[in-house]
Amino acid sequence: MKNSLSIILFLLLMSGSESTGQKGIAVTVNQLVVVANNPGAIISKDIYGHFSEHLGACIYGGIWVGKESKIPNTYGIRNDVLFALRELKVPNLRWPGGCFADTYHWKDGIGPQSKRASIVNTYWGGVTEDNSFGTHEFMKLTELLGCDAYINGNVGSGTVREMAEWVEYLTSGSDSPMTRLRKENGRDEPWKVRLFAVGNENWGCGGNMTAEFYGNVMRQFSTNLNNYSGNQLYRVACGPNGSDVQWTETLMKDPGTRAMFQGISLHYYSVVNGWDSKGSATKFDEREWFETFRLNLEIDNIIKSHEAVMNRYDPDKTKGLIVDEWGNWFSVEPGTNPGFLFQQNTMRDAITAAINLNIFNQHADRVKGANIAQIVNVLQSVILTENDKMVLTPTYHVFRMFNVHQNARLLKTDLRCEDYTFAGKTIPSISASASVDNNGKVHISLANLNPGKQITVSCPVIGEEYKTVTGEILSASTMNAFNSFDKTDVVKPAGFSGFTMKDGILTVNLPSKSVVVIELSK
Ligand code: AHR
């Protein structure tokens, strides 16, 4: 009885009524109602995916040091980075780009390393690469991480045959020219590759195509990507740039085009101060702090606009929206190569990560994957390296804290919170989502965007009773606190006890500029 009353009250709340009438569930300014007994869509673990491009020191130096390196490594992959990434439970890793993917010819990166063709990375810094990290090395990395490979094929400058042969080389168990080549290169068994992107940003660096032209090209490429030997490809079509719903409409409306992919990508970066000037990753004021979150929150509207188009043509939600590039894009660190996109990472980035992951969780019925840009040393990285040193960024810690949501089921929530206002603009001060995992544990992830105010959030948990509450927090004394190679632990998670649980109501005292994950168990 209590439960059904609670659900009715929740529905009233959702419909905008302010009158609850239920003792203990009064509407307060900062309230997050969590309905625990009616789980919804599975939050795909792929939402917690990462992206590794041949760009700056992401692959070369950041991940790959080669077997002969003095830096401890496994098959040439640096151990410190590998072990740290394992803690994140990386579900999938996208490679080799980005814009680089549409210049990459995979056959340059196979065979004996000494014989591989060197190439110039025309997009990123014009540096020469020896191709010592190629298909076999990438697949080894995914094996060592225990994650899925997400391979991005070359549409912009590659051929249909080249892409088709890559899939054959990777996944076929038959006797064929490509599988014989793979065996010559030391790998007998085919790999499993689920995620495969048919081009990257083909509206831009991937060929400057119109949506109509790309739609036809994608059909042709996709037709030739076979499911070999029990491997089932999940083909990701190049999707829109930010809010370009016309691109999505063009790919979705025609049944013949729609049939050629399972997912459609979306790229959205938060670029505070615009592309020309951007802003410093570490030296910023409250205006830029606020503006970053305002831009981050925009992704919710962008996702909704694409969902609206997709829902019209795919009401059963068989096609996934894959946000395979997202994050903050700031100016490079002073003195570093502008083409390498190396930026520091502060408490601001941690809150950005929490905002985005909470939003993706909330869209779990349509958003089936996401990849933060990028994994090491590029843009909003989870790890930075310098020679043999490594540092975990605040963004890393949020990914580790939030991985409890992977493959859990989304819980319905209703958030009412005070505004965070700056210079006449307003955003919500709280970001939140909740899920229940296979063991019945509920996780509530919260972020307080306000840099100067502790906020108390009242969370009525409806439908189930929980006895044990634990928590973890990431916070810092300043907005721009960051971890450097000398001071690696300035921003690090800690146990959190700033909560009470009474009569089914969890009350959380969220310190200013903090990210908190609460676990409820029975
Ligand atoms: O992540 C950096 C670049 O941003 C990628 O290469 C490209 O796809 C996007 O424009």
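**Figure 1. Contacts of Phe360 in the predicted model.** Phe360 touches Ile47, Ile299, Ile303, Val323, Trp326, Val367 and Ala370, leaving out residues up to four places away in sequence. The structure shown here and in the other views is a predicted model. Phe360 and Val515 have the most contacts inside the largest nonpolar core, a set of 122 residues. A second core, of 26 residues, is separate and includes Tyr466, Phe496, Val508 and Val516.

**Figure 2. Surroundings of the ligand.** The residues around the ligand are Phe51, Glu53, Gly98, Cys99, Trp124, Asn200, Glu201, Tyr269, Glu325, Trp329, Gln374 and Leu379. In Cys99, a backbone N or O atom lies 2.8 Å from a ligand oxygen atom. In Gln374, a polar atom of the side chain lies 3.0 Å from an oxygen atom of the ligand.

Figure 3. Gln374 is found in the loop that runs between strand 13 (367–373) and strand 14 (383–386). Is Gln374 buried or exposed? Gln374 has a relative accessible area of 1%, so this residue counts as buried, the limit being under 20%. Apart from neighbours within four places in sequence, Gln374 is in contact with Phe51, Ser52, Glu53, Leu55, Cys58, Leu379, Gln380, Ser381 and Val382. Among the residues that surround the ligand are Phe51, Glu53, Leu379 and Gln374 itself.

Figure 4. Strands of a sheet pair through backbone hydrogen bonds, and the pairing can be parallel or antiparallel.

**Figure 5. Strand 22 and its two partners.** Strand 1 (residues 31–35) and strand 22 run parallel and are joined by three bridges. Here Gln31 is opposite Ser458 of strand 22. Strand 22 (residues 455–462) also pairs with strand 26 (residues 505–510), in the antiparallel sense and over six bridges. How many of the eight residues of strand 22 are buried? Seven of the eight are, and the strand is mostly covered.

Figure 6. Another open sheet has six strands in the order 16-20-21-27-23-24, with antiparallel pairing. Strand 16 (409–410) and strand 24 (494–495) each have a single partner strand, so one side of each has no neighbour in the sheet. Strand 23 (residues 468–475) and strand 27 (residues 514–521) run antiparallel and are joined by eight bridges. Ser475 has Ser514 in strand 27 as its bridge partner.

**Figure 7. Helices on the six-stranded sheet.** Helix 11 (residues 347–362) lies across strand 16, strand 20 (430–436), strand 21 (442–448), strand 23 and strand 27. Helix 11 runs at about 50 degrees to strand 20. Helix 12 (residues 394–402) also packs on the sheet, where it touches strand 21, strand 23 and strand 27. The direction of helix 12 makes about 165 degrees with that of strand 23.

Terms used:
Residues are numbered from 1 along each chain as its sequence is written. This is a predicted model: local features need pLDDT of at least 70, side-chain atom pairs count only at pLDDT 80 or more; totals for chains, interfaces and linings use all residues. Side-chain values use heavy atoms; hydrogens and water are left out. Two strands pair if DSSP finds at least two bridges between them. Helices (H or I, at least four residues) and strands (E, at least two) are DSSP runs, numbered from the N terminus. A nonpolar core is a set of buried Ala, Val, Leu, Ile, Met, Phe, Trp, Tyr and Cys residues joined through side-chain atoms within 4.5 Å. Buried means under 20% relative accessible area, exposed over 50%, partly exposed in between (1.4 Å probe, protein chains only). Contact means heavy atoms within 4.5 Å. A residue is near a molecule or strand if one of its heavy atoms lies within 4 Å of it. A polar contact is a pair of N or O atoms within 3.5 Å; within protein, one must be able to donate a hydrogen and the other to accept it, and residues adjacent in sequence count only if both atoms are side-chain atoms. Axes are lines fitted to C-alpha atoms, for helices over the stretch in contact, and angles run from 0 to 180 degrees between N-to-C directions.
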